[in-house]
Structure formats: structure tokens, C-alpha cells
Amino acid sequence: VVAFFLGSQLMDDEDELGPAGIADSSGDQSLPRSVVTKLIKDLTPPTLRCSPEAQALIHECLGEFLQMLTAEANEASTRDKKNTISETHLTQALHSLGFDRFISACNPQSGAPLDPKAALRAERKKSKKAQQRSELSPEELLRMQQELFAGAKERFDASRSTTQTEVTQPGKV
């Protein structure tokens, strides 16, 4: 969750008005409103509507949360005499702010990516690259696939006829 928010590009939206026409007072930097709106749509049931005022409030709260988390992670990196905030600093910040339940969500289980959609995109990209590496044309690949299916059907039919013969003649081997 946090990795997604911090990985998103921050932008300066001092002059931007929210969907309700409310000026953004969360500071100099914030997540783009489109990102927050998409998160709201993705995380709520389709039957639930979110008013523009509620979206603006969620946007402001999210900005405040990220400010607190970043400040705390920055302190942790300073204590470690590091110039870069790492995942460890973020998990320390979550712990010190009392958000321990989010720490496990930030650590992918068994090497899985945090975002399932990212995993799907990576799989599609991998598949597309494999297809591009193939030196055979799509027509040749289709022909080969049909031959494999035909061979499998013949083997299946042959094993089926052998089984039926054994069932009709139980005494013979």
C-alpha cells in the first residue's frame, strides 16, 4: 500500500482546486487527484458512490498520512546516517506511527508483486516477448498445435479402444 503511494510521482498542485472547488491546503506536494480517485473507485464496491467533498477529504487525509510517514522515514534514515529512504526506513516509520498492520502488506509474500495488476502486465509482457522471439510464423505455430492435438486425440482413442476391449473380454489378456 505504502510502496504504491510513495512510488507514485508527487506533483505540485498549490493552484489546483479539488473536485468540490476546495483549494488544496495539504502543503506543497500531494498525490495527483486522478490517482486518489482511481484508488477510491478500485477499493469501493461499484454500488457505492463517493461525493466530491468526500474525495477531497480523502485526498487531504492521504496527503497528510504521506507527509507524516515520509517525515518519520526521513528521521529513520538520518539516524542510520543514510541519504536514501529505504523499505526498512518505511517499515520503521509505520511501526513508530502505530500502523503495524500495514507492515505485512508492504512485504510481498513469496516474491509476489504487491500489485496483482502489475503481475498480470508482467506476465503479458513476458508472453509477448516469448512470442516475438519465436522464429516460426503464427501459421506454422497453429499447424504444429493442430498436429499435436491430432496426435493426442489418436493416442486417447487408441487407449480407449484398448480399455473397451479389456472390459468386453475380461478373461483374455
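**Reading helices, salt bridges and a core**

Modeller: Let's start in helix 2, where K38 and D42 sit four residues apart, about one turn of the helix. Helices (H or I, at least four residues) and strands (E, at least two) are DSSP runs, numbered from the N terminus. This is a predicted model, in which local features need pLDDT of at least 70, side-chain atom pairs count only at pLDDT 80 or more, and totals for chains, interfaces and linings use all residues. Residues are numbered from 1 along each chain as its sequence is written, and side-chain values use heavy atoms, with hydrogens and water left out.

Colleague: What do the side chains of K38 and D42 form?

Modeller: A salt bridge is a side-chain nitrogen of Lys or Arg within 4 Å of a carboxyl oxygen of Asp or Glu. K38 and D42 make one, at 2.9 Å from N to O.

Colleague: How many salt bridges does the structure hold?

Modeller: There are three. In one of them, E147 meets R143 at 2.8 Å, N to O. In another, the closest N and O atoms of K153 and D157 are 3.1 Å apart. About one helical turn separates E147 from R143, because they lie four residues apart in helix 7. K153 and D157 are likewise four residues apart in helix 7, so about one helical turn lies between them.

Colleague: Is K153 buried or exposed?

Modeller: Buried means under 20% relative accessible area, exposed over 50%, and partly exposed in between (1.4 Å probe, protein chains only). K153 counts as exposed because its relative accessibility is 52%.

Colleague: Which residues touch the most other members of the largest nonpolar core?

Modeller: A nonpolar core is a set of buried Ala, Val, Leu, Ile, Met, Phe, Trp, Tyr and Cys residues joined through side-chain atoms within 4.5 Å. The largest one here has 13 residues, and L31, V36, L62, F65, L66, L69 and L94 touch the most other members. Two or more residues come from each of helix 2 (33–43), helix 3, helix 4 (87–96) and helix 5 (100–106). Helix 3 gives the most, with five residues.

Colleague: Where in the protein chain is confidence lowest, and where is it highest?

Modeller: Look at pLDDT, the predictor's confidence in each residue, from 0 to 100. Strand 1 (residues 11–12) is lowest, with a mean of 36, while helix 3 (residues 52–79) is highest, at 93. The chain averages 76, and 69% of its residues score at least 70.
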